[in-house]
Each structure stands twice: as structure tokens, then as C-alpha cells.
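Biologist: Hello! Could you take me through a structure and show me how the labels are reached?
Modeller: Gladly, let's have a look together.

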Amino acid sequence: MKATSTGTERVPFWLRWLVPVILVLTWLALAGVGGPTFGRLEEVSSNDQASFLPAGAEATEAQDWQSRFRDSDEVPGVIVIESSEAFTPAQLGEAAGLRAELEELKLGSAVIGPIPSKDGKAVQFIAPIDSSAEVKEAVQELRDTVAGAAPEGMQTFVTGPAGLAADLTAAFAGIDGILLLVALAAVFVILLVVYRSLLLPIMVLLTSVFALCAAILLVFGMAKAGWIQLNGQSQGILSILVIGAATDYALLYVARFREALTHTTNRTAAVLTAWKASFEPILASGATVIIALLCLLFSDLNSNKALGPVAAAGILCSLFAALTLLPALMALLGRAAFWPFRPKLLPADQREPELVTGLEGQKGLWRATGSLVSRHPRTVWVASVLLLVVASAGVLQLKANGVPQTDVILAASNAVDGQDALARHFDAGSGSPAVVVADRGKAQEVLDTVKAADGVGEAYLLAQGSVPITGAPGAPSAPDVRDGKVLINATLNSAADSLEAEEAVKALRADVKAVDPEALVGGVTATALDTNTTAQRDLVIIIPVVLVVILFILMLLLRSILAPVLLVLSVVLSYAAAMGVSAFVFNNILGFPGADATVPLFGFVFLVALGVDYNIFLMSRVREESLKHGTRPGILRGLGVTGGVITSAGVVLAATFAALGVIPIMFLVQLAFIVAFGVLLDTVLVRSLLVPALAYDIGPRIWWPGKLGRPELDASVRPETGGTPEPVVEGAGRR
């Protein structure tokens with residue numbers, strides 16, 4: 001950074017006061033509108049799994065056909081009343097009377113039941129809930145009614161798609177409050193430790209919170225207009241991502257501002273100097289993450305497509321807040337922001353130290369780190385790579401093939417307990433049947449095939465008015481036909497959300513297509529199956545796109561090919577190591593049955609994009625120092641001056657993502673651990689040791705093919721530029 005004056009020049013009033021005040025007032029207005037919108041996100045949010053499937057998925061096509069066979073779009077709630085003994089005739093009579101009470105709630109069409117179990121120890125009702133109603137509130141009404149009317153001493157459950165959706169919504173309820181409070185509290189404590197100042201952490205947090213308010217306003221508008229689909233997962237990730245990213249960008253800017261204050265007494269000049277120095281790395285970092293997130297638009301899964309623009313909007317707002325609001329606040333506060341440890345003006349001869357080794361002026365941990373890197377570069381980077389490779393081996397144990405929906409909710413759930421009760425007394429898939437759409441002319445042949453299929457308990461054709469064709473005297477005999485198609489409901493022997501049920505659906509699809517190639521198999525199980533299959537296919541498509549995009553941005557920033565390639569390889573290796581350690585923790589410590597199929601993709605996008613962030617912060621400063629002092633001294637100087645701020649940024653981001661763990665949803669808990677651990681690994685090992693040591697070992701050619709990559713033009717080996725020839729240290733090996 002060029003030395004600035006001591007600040008005797010006069011700064012125009014409009015630049016010193018007017019512009020900062022206008023910027024602060026503008027952000028206050030955005031926060032005033034966006035803050036209250038936070039509580040309205042539920043208006044445009046949905047947790048319906050089927051609504052996030054790709055349009056071409058077989059389950060989605062089957063769902064479209066299924067909607068033609070019913071007058072209303074309803075979600076079935078399955079009510080189970082369980083007893084330790086067989087029901088007496090009197091108790092069965094009480095249960096039968098419950099049907100009238102349930103229908104009085106007027107939640108949907110006619111209630112079916114009671115259906116007694118074969119062992120006589122349970123009865124079942126199916127209560128359709130109109131999708132236009134609030135499912136969570138409707139399920140609670142059912143639970144209250146059933147609990148109050150069931151025979152004494154019996155257990156009652158409301159499960160099925162409606163019950164599980166209600167409990168999932170309840171689990172996400174903490175996103176609006178607890179998650180944000182935990183994240184902000186963690187960040188505030190870290191900032192207090194880093195800055196040892198009360199005012200500056202508040203300013204940084206205000207920047208993050210105002211960025212979140214603007215992001216919420218933007219996302220709400222996009223969802224209201226129908227441009228995106230918002231769900232609980234993307235809503236929680238948005239909050240965490242904005243707080244973490246905005247704080248990271250703020251830390252980088254504040255570090256350059258503090259440095260500028262040691263060169264001038266003019267706070268406005270310091271603000272502008274810091275802005276110019278931090279603009280390029282912050283912009284490159286934000287652009288990298290935004291474009292990487294937008295690569296999710298290539299996904300076939302609509303939930304991934306939705307997360308891309310939602311998260312990208314959050315990063316965009318973080319970027320603008322860090323480059324406008326925070327500089328405005330610093331322009332108004334100046335040195336007072338750092339009270340009681342205000343930065344002091346350095347003597348002119350100490351502002352730009354002449355570097356020989358790059359360690360001049362450094363002390364403590366980062367001098368020791370730089371010394372280790374310069375003395376044994378090859379040993380350091382080889383050892384780091386080997387450690388990451390060993391950790392990566394665990395990725396082979398990652399079971400990311402999806403998990404039953406009953407395992408997704410980690411908190412106590414009446415619906416999950418109800419699914420277990422169903423499995424004890426009924427065909428486990430009752431209430432959530434597989435749906436087969438077949439040609440009218442092949443209806444009987446397809447029905448016979450479905451009944452004979454492995455894993456199917458019973459099946460029937462649907463007649464007019466959603467009545468099953470059972471063959472009993474007086475039962476309807478003509479199937480309901482819509483546009484030449486009939487509908488068959490098939491109850492599976494396994495719970496609808498189980499892996500066994502998914503295997504049954506795979507076999508069922510093969511069997512019915514052998515009879516009717518145009519037949520479709522859908523339903524709850526098929527929806528989960530198609531979601532997992534699509535998520536795994538997305539990995540193959542999106543990962544290469546993200547890597548190419550990040551590589552291109554790094555090449556533009558560093559004016560090099562070799563350095564960006566090595567940086568991308570380092571973060572990919574770091575990602576593999578994080579996933580390997582995570583697989584070990586999930587399987588052997590936390591005891592999770594598996595992982596959601598989207599976990600590897602989300603982990604990759606966040607870890608690779610955010611991991612490159614820290615390398616951008618480091619290598620952009622290394623390039624700046626290398627232009628003045630030569631590559632190897634520039635590497636050590638860049639490592640030393642960015643070490644504290646990047647480590648602080650990594651700890652902040654890890655803490656904010658770790659806050660996702662307070663939401664009792666397996667996907668979010670797993671993502672929280674993967675990103676938090678991966679960011680710390682990248683910050684402590686990759687950015688602090690691996691990258692600097694590898695760059696130091698390679699020397700000036702790290703910038704190949706740019707001019708800075710020519711050893712004969714490197715400042716450290718050209719005495720005429722004021723540099724001093726570098727001593728050959730052990731392991732440095734000139735290239």
C-alpha cells in the first residue's frame with residue numbers, strides 16, 4: 001500500500017459527511033423495510049418435497065395425472081390409535097364415533113375409517129387435509145381432537161404425509177429466531193476477542209444484519225413474483241451465509257482501514273485507501289461465490305435451482321454492505337471505532353519497510369509460521385497434502401443415498417412415532433400408497449401385475465368419487481377414467497419413506513412398464529426416490545461447471561494460470577478431506593443412518609467457493625507485495641499481514657455455519673458440521689501452510705505465464721530495483 005499523507009489536505013464536506021450519511025440512511029431505510037419482512041417469509045415458503053422435483057421426473061408426471069382424478073388437492077393425514085391389548089367391542093364403538101368428530105373439523109373431504117388392524121390392537125383413520133389450509137395447524141387440530149376422544153389409556157398419533165410435513169415445519173420454526181440469535185452471538189463474541197473493542201464489533205454486526213435485511217427483501221420479492229421456490233432449508237442457509245460472508249468481507253476491509261490509519265490522520269483518506277485496497281479481493285471473492293451458487297441453476301432438482309439465486313442474492317447484499325455501509329460507518333467514526341485501542345500514526349520511515357526475507361516487522365505466531373514455510377517449504381506442503389489425502393480416504397464411507405423422512409427430524413416427533421405404530425399393526429405403507437397411472441385398455445393386466453409385485457401389500461383400481469373397486473357385492477365395478485388413463489393405488493409392505501419401499505418402487509416400475517410402457521409410478525416413495533436419483537446426477541453436472549468458473553475468475557484476478565490451478569486443486573483436496581472426516585463422524589460418533597443425497601453437492605459448492613475466498617484474500621495480497629518486493633518475500637509478507645484477519649474470518653464463518661446445528665433437521669446438522677470443519681481445515685492448514693509453502697517452493701514461476709512469473713524480472717533477484725538477492729534456504733530449490 002502506498003504511503004499516504006498525514007492528512008493535512010482538506011477533504012470536501014460532501015465526501016467527508018454528506019456521502020457517508022446518505023449511505024447510512026439508505027441502509028437504515030432498507031433495514032426498516034426488510035426487517036419486518038423476515039416474519040413474512042413463511043407466506044412464500046413451502047416444504048412440500050414434490051414441488052421441488054424436476055418437471056420431467058416420473059413422480060412429478062404421475063402427480064400431475066393424480067390431480068386429475070380428484071376434485072381437490074389434499075394431503076392425507078393418517079390417524080393411528082394404539083392399545084396394548086386387543087380393542088373390545090365397546091372401544092371399537094368409541095373409535096367409530098370419532099369419525100364424526102373428525103369430519104366436524106371440516107379440514108377436507110370425507111374421513112375414511114376406522115380401519116382395525118389384523119391383530120386388533122390398533123385402528124386407523126385417513127383424514128384428508130385440503131392443501132389450501134395451514135397443514136401444521138390442521139394436524140394440531142387432529143391431534144387435539146383424537147387425544148381427547150380416544151378410549152382411555154391408548155396412544156394416539158397423527159402421521160402420514162400431513163403429519164410428517166407438520167413436524168418438519170415445526171422443526172424449521174427455530175430458523176426465524178434461535179438460529180439468527182445463536183449466529184449473531186457467536187460472531188459478536190469472536191469479534192470482541194479479535195478487536196478488543198466494543199464499538200467496532202457492533203458496526204460489523206450492523207453491516208451483517210443490514211445485509212440480511214436487504215437480502216430478505218430481495219428474496220421475498222423474487223418468491224412473491226414466482227421466480228424462485230423458497231423452503232426452510234434455503235431460508236436457514238440464507239441467514240447463515242449472509243451473516244458469515246458479510247462479516248468476512250467486513251473483517252478484510254477493517255484490516256485495511258486499520259492499516260491505512262497508521263499512515264494518515266485523515267479518516268476519509270484512510271477510508272478511501274482501504275476501499276481501493278480491499279475492493280478487488282472482496283469483489284472477486286463475492287463474484288466467485290455468487291457465480292458458483294448460480295451454477296446450481298444447472299441442477300435438475302428444483303430445490304437446488306431455488307437455493308442458487310436465494311443464496312446468490314444474499315452474497316450480493318453482503319458485498320454491497322461491506323463496500324458501502326461499512327466504509328460509511330468508518331468514515332463517520334474514524335479512529336473512535338477502535339476505542340480503546342486506537343491505531344497510532346507510524347513514523348514515515350516505518351510505514352513501508354524494506355523487505356529482504358519478508359519476515360521484517362512480523363512477530364508471534366505468523367512470524368513463526370512464515371519462518372517454517374521459508375526454511376522447509378517442500379516438507380511443509382508435502383506433509384500437508386499427505387494429511388489431507390489420508391483424511392480424504394473416509395469419503396468412501398459416506399452414505400449419501402438419502403435417508404427415510406422419519407430420520408430427517410432429529411427432535412421428538414408424533415408423526416415419526418406414528419409411522420412406527422403403523423408398521424407394527426398395518427401394512428407400513430398404508431396412508432401413503434404408491435400411485436400407478438396406466439392405460440385404460442391395460443388396466444386389469446397392470447392391476448394384476450401390481451398385486452403380484454414384491455413389496456406390495458394390496459392394490460385396487462380407483463372408481464368414480466375416489467372409491468376403491470374391491471369386487472365386493474354392491475361395490476363399484478367401473479373404473480374412473482380420465483383422458484384414457486386409470487389410477488391404481490398400491491399399499492406397500494414397507495414404510496413409505498424407507499429404503500425398502502424405494503427398492504419396491506424401482507421393481508414396480510420395471511414390472512408395470514413391461515406391461516404398459518407408458519405407465520407411470522408415483523406417490524410419496526417415488527418422489528423421494530426421484531429426488532435422490534436427481535441429486536446424485538447433479539453432482540456429475542455441477543461440480544465441473546463450478547470448478548471451471550472459479551478457475552476463470554482466479555486467472556483474471558491473479559493474471560496467472562499456474563497459481564489458480566494449484567489453488568483450485570488445494571480447495572478440492574480440502575473438500576475431499578472435510579467430507580472424509582465428516583463421514584467418519586456421521587457414521588461412528590453421531591450414529592446417523594446416512595445422509596441426504598444433496599449433502600455432497602451443497603458441501604462442495606459452499607466449501608470450494610468459500611475456501612477459494614481465503615486464498616483470494618491471501619494471494620491477492622501476496623501478488624501486491626510481490627510486485628514491490630519479489631515473490632518469496634511477498635509470500636511471507638502477505639502471509640503475515642493477512643494471517644490474523646483470514647483466521648478470524650474463518651473462525652467467524654465456521655461459527656455461523658455451526659449455528660445451523662441448533663435446527664433439529666439431519667440435513668442442516670450435517671451441512672453445519674461439513675462446512676464448519678471444512679472452513680477451519682482450509683483456514684488453518686491449506687491457507688496457512690499448504691498454499692504459502694507450495695508457492696514459496698515454486699518461487700516466481702507461480703505467476704506463470706504472466707510477467708511476474710519470469711525469474712529474471714522478479715524484484716527479489718534484481719538489485720537494481722532495490723531488492724536483495726534471496727538466500728537459498730533449505731528446501732527452497734530455485735526453479
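Biologist: Where is V691 placed?
Modeller: V691 lies in helix α21, which covers residues 666-698. Keep in mind that this is a predicted model.

Biologist: Why is V691 called buried?
Modeller: Buried means under 20% relative accessible area. V691 has 6%, so the residue counts as buried.

Biologist: What separates the C-alpha atoms of V691 and L639?
Modeller: A distance of 9.9 Å, while the two residues are 52 residues apart along the chain.

Biologist: Now the aromatic rings. What makes F586 and F592 a tilted pair?
Modeller: The structure holds ten aromatic pairs. In the pair of F586 and F592, the centres are 5.9 Å apart and the planes are at 45°. Ring centres must lie within 6.5 Å to pair, and planes under 30 degrees apart count as stacked, over 60 as edge-to-face and the rest as tilted. With 5.9 Å and 45°, the two rings therefore pair and count as tilted.

Biologist: How do you know whether F586 and F592 are buried or exposed?
Modeller: The cut-off for buried is under 20%. F586 has a relative accessibility of 2%, so F586 is buried. F592 has 11%, so F592 is buried too.

Note on methods:
Residues numbered from 1 in each chain as written. Predicted model: local features only at pLDDT ≥ 70, side-chain atom pairs only at ≥ 80, totals over all residues. Heavy atoms only, no water. Phe/Tyr/Trp six-rings, centres within 6.5 Å; stacked < 30°, edge-to-face > 60°. Buried < 20%, exposed > 50% of the residue type's maximum accessible area, 1.4 Å probe, protein only. Helix = DSSP H or I, 4+ residues; strand = E, 2+ residues; numbered from the N terminus.
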